[in-house]
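Here's a quick briefing to read with the model open.

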Amino acid sequence: MSTPGHLVWRLSTKWRVAVDRALAPVGLTHAQYVFLASLAGMERAGASPSQRELADHTGLEALYVSKLARTLDAEGLVERTRDPADTRTVRLRLTARGREVTTPAIATVAELLDRLLAPLGGRHSDRAAALARELTVLLETPLES
């Protein structure tokens with residue numbers, strides 16, 4: 001029998017590989033998708049996040065978010081601007097092209113998530129909601145001593 005840690009690792013690896021494969025035709029990696037989809041969601045909520053805020057939201061390392069931001073900026077998907085109130089802070093926003101790429105990518109990943117969660121009754125089922133609550137508890141549990 002596998003341990004919960006091993007199962008979480010295997011599931012996260014399975015998910016990352018599946019997202020990478022599903023988004024390869026549009027030229028996005030899983031990490032780029034997480035960046036773009038999270039930025040889109042934050043913008044829909046009225047935020048103009050900094051790189052640090054996006055890193056905190058996604059769980060990605062701040063240096064990795066900075067690298068992704070430079071790459072996605074060079075590809076014309078995001079725009080990075082200095083915050084006038086604090087020039088050390090870099091604000092992010094999707095470009096029109098970024099939205100054109102991100103919107104169908106979100107739909108593709110939603111379909112993939114539907115397939116993953118079908119055995120639990122689907123993405124909107126009580127079992128999927130319970131799983132999300134349990135995973136949230138684990139994510140919020142500090143591991144540092």
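What follows is a short tour of both topics.

This is a predicted model, where local features need pLDDT of at least 70, side-chain atom pairs count only at pLDDT 80 or more, and totals for chains, interfaces and linings use all residues. Residues are numbered from 1 along each chain as its sequence is written, and side-chain values use heavy atoms, with hydrogens and water left out.

**The largest pocket**

- The largest pocket has a volume of about 1800 Å³ (the space filled by probe spheres set on grid points joined across faces, edges and corners).
- A pocket here is an open set of points on a 1 Å grid over the protein atoms alone, where a 1.4 Å probe fits, with protein on both sides within 12 Å along at least five of seven lines.
- Its lining runs to 38 residues, with S12, W15, H30, L135 and L139 nearest the centre; lining residues have an atom within 4 Å of a point.
- By type, the lining holds 25 nonpolar (Ala, Val, Leu, Ile, Met, Phe, Trp, Tyr, Cys, Pro), four charged (Asp, Glu, Lys, Arg) and nine polar residues (the others, Gly among them).
- α1 gives the most to the lining, 11 residues; helices are DSSP runs (H or I, at least four residues), numbered from the N terminus.

**α1 against α5**

- α1 and α5 pack at about 140°, axes 10 Å apart; axes are lines fitted to C-alpha atoms over the stretch in contact, and angles run from 0 to 180 degrees between N-to-C directions.
- L11, W15, A18, V19, A22 and L23 in α1 meet A105, T108, V109, L112, L113 and L116 in α5 (contact means heavy atoms within 4.5 Å).
- That contact divides into 11 nonpolar, one polar and no charged residues.

Methods: Helices (H or I, at least four residues) and strands (E, at least two) are DSSP runs, numbered from the N terminus.
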